Amino acid sequence: MIQLSDKIQKLETSATLAMAAKARELKAEGKDIIGLSLGEPDFNTPDFIKESAITAINDNYNSYTPVDGYEDLKKAIQGKFKRDNNLDYGLNQIVVSTGAKQSLYNVASVLLNPGDEVILPCPYWVSYSDIVKLNGGIPVEVQTDIDQDFKMTPDQLKSAITSKTKMIWYSSPCNPSGSVYSKDELKALAEVLKDYPDVIIVSDEIYEHINFGSERFSMAEIPEMYDRTVTVNGVSKAFAMTGWRIGYIGAPEKIANACKKLQGQVTSGANCIAQRAVITALEAPLDKIQFMIDKFKSRRKLILDLIETIPGFECNEPKGAFYVFPNVSSFFGKTYNGKLIENATDFSMFLLEVANVATVTGEAFGNPDCIRISYAASESDIEEAMERIKKSIS
Ligand code: PLP
């Protein structure tokens with residue numbers, strides 16, 4: 001009999017991917033499903049990026065790549081950190097990986113020992129908790145709610161820190177709440193962290209460009225935090241390059257070297273063609289991708305206006321990313337269409353089966369009162385989906 005490891009048996013299937021699979025199943029049965037569950041821009045990769053990949057193929061980029069990325073890509077990343085984040089990273093502090101997901105996995109793997117705690121302000125991106133657990137760590141969830149715009153306060157951080165705290169992980173703009181930590185808010189968190197010099201900060205900034213006007217600031221810009229912050233980023237979201245699988249970190253050299261060592265034994269360097277294309281993406285002026293951000297902004301307005309007309313949905317105004325994260329707890333304990341809704345997972349499943357709209361339960365993000373709805377979809381799909389949701393609960 002095949003006996004899988006304890007580790008893999010305890011691992012949760014990614015809730016977003018599971019929902020997408022269920023939606024596909026219903027689609028195959030002929031149901032007209034509107035998919036608002038995936039964290040993926042609905043744009044194609046811009047042509048100027050695609051063209052550089054085609055050139056790279058013709059130029060015979062086909063060999064193994066350096067484990068931590070091509071040097072000219074690392075230089076482009078260095079330039080990007082300087083241009084967008086006011087951060088100076090040496091080339092030996094940058095590691096390119098197969099998606100930001102691998103970057104995060106690397107960081108967990110090189111820093112965590114069994115029993116180490118990682119503070120995760122809720123809601124957090126689905127994979128954080130499982131990446132931490134896979135590496136022997138213990139996720140410590142810090143609950144936040146709409147009234148605090150889903151952002152952890154310094155007092156909450158302080159109460160969550162113990163002698164076992166190894167790291168704190170957050171994304172800003174946040175997937176799923178869209179919240180963005182301001183410079184003052186990050187400085188206030190840093191004030192707390194100054195008393196705990198061994199705690200490492202992982203700042204996931206993969207949505208940084210999908211920001212609708214909030215102040216942009218990185219934890220590593222605070223001089224006292226620079227030496228213990230890992231800045232994670234990638235091209236999946238802002239450049240519509242999810243399938244190209246390139247992410248990267250800027251980190252203290254010791255952490256970067258360890259990630260490189262790990263990657264050298266696990267995947268080797270990231271894909272050669274994708275890396276060449278990412279050089280073009282990162283060196284291009286940001287106005288080349290502004291059209292996508294403008295679209296997300298107008299869709300955010302559309303979906304917020306429509307959600308306001310649905311009784312029982314309570315929503316914050318997301319400042320970035322492309323999700324809304326409404327609290328739907330007013331539906332719990334009620335029966336619709338013969339189905340009792342006990343929690344966010346039931347509600348999300350109800351929306352899929354009855355309204356034929358795919359969303360994701362907030363439970364996957366550490367918040368059991370909310371659901372995540374992606375608005376990386378056409379205006380007509382957003383309008384139709386909100387209409388169906390409204391009808392299903394009326
Ligand atoms: N971090 C956050 C907050 C995300 O939402 C995602 C993807 O959904 C990732 C990291 C992973 O990105 P990548 O596609 O680069 O692996």
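At what angle do helix 13 (residues 344-355) and helix 14 (residues 379-392) pack, and how far apart are their axes? Select these two helices to begin the tour, bearing in mind that the model is predicted: helix 13 and helix 14 pack at an angle of about 100°, and their axes are 10 Å apart. Because angles of 65 to 115 degrees count as roughly perpendicular, helix 13 is described as roughly perpendicular to helix 14. To see where they touch, show Leu 351, Val 354 and Ala 355 on helix 13, together with Arg 388, Ile 389 and Ser 392 on helix 14. By class, this contact of helix 13 with helix 14 is made up of four nonpolar residues, one polar residue and one charged residue.

**The two domains**

Next, colour the chain by domain, taking residues 6-44 and 289-392 as domain 1 and residues 47-285 as domain 2. The C-alpha centres of domain 1 and domain 2 are 25 Å apart, and across the boundary 35 residues of domain 1 are in contact with 33 residues of domain 2. On the side of domain 1 that touches domain 2, the elements to select are helix 1 (6-10), helix 2 (15-28) and helix 12 (290-308), each of which gives two or more residues. Helix 12 provides the largest share of that side, with five residues. Sorted by class, the side of domain 1 that touches domain 2 holds 16 nonpolar, 10 polar and nine charged residues.

**Helix 3 and helix 11**

Now move to helix 3 (residues 47-58) and helix 11 (residues 272-283), whose axes are 8 Å apart and which pack at an angle of about 140°. Helix 3 and helix 11 are therefore oblique to each other, and their crossing is right-handed. On helix 3, display Phe 48, Ile 49, Ser 52, Ala 53, Ala 56 and Ile 57, which meet Ile 273, Arg 276, Ala 277, Thr 280 and Ala 281 on helix 11. In this contact of helix 3 with helix 11, eight residues are nonpolar, two are polar and one is charged.

**The ligand**

Centre the view on the ligand, which is surrounded by 13 residues, the closest being Gly 99, Ala 100, Lys 101, Gly 234 and Ser 236. The shell around the ligand divides into three nonpolar, eight polar and two charged residues.

**Helix 5 and helix 10**

From there, select helix 5 (residues 100-111) and helix 10 (residues 253-266), whose axes come within 9 Å and cross at roughly 105°. Helix 5 and helix 10 are therefore roughly perpendicular to each other. Seven residues of the contact of helix 5 with helix 10 are nonpolar and three are polar, with no charged residue among them.

**Backbone details in the loops**

The last stops call for a view of the backbone. Which loop holds Asn 86? Look between helix 4 (71-85) and strand 2 (94-97), where Asn 86 lies; although Asn 86 is not a glycine, its phi is positive, at about 60°. Continue to the loop between strand 3 (117-121) and helix 6 (127-134), which contains Pro 123. The peptide bond that joins Cys 122 and Pro 123 is cis, with omega about 0°. Finally, go to the loop between strand 5 (165-171) and helix 8 (183-193), where Pro 173 is found. A cis peptide bond joins Ser 172 to Pro 173, and its omega is about -5°.

Key: Residues numbered from 1 in each chain as written. Predicted model: local features only at pLDDT ≥ 70, side-chain atom pairs only at ≥ 80, totals over all residues. Axes fitted to C-alpha atoms, helices over the stretch in contact; angles between N-to-C directions. Helix = DSSP H or I, 4+ residues; strand = E, 2+ residues; numbered from the N terminus. Parallel < 35°, antiparallel > 145°, perpendicular 65-115°, else oblique. Left-handed = near helix turned anticlockwise from the far one by under 90°. Contact = placed C-beta atoms within 7 Å. Nonpolar A, V, L, I, M, F, W, Y, C, P; charged D, E, K, R; others polar. Domains from an automatic or database assignment. Near = placed C-beta within 6 Å.
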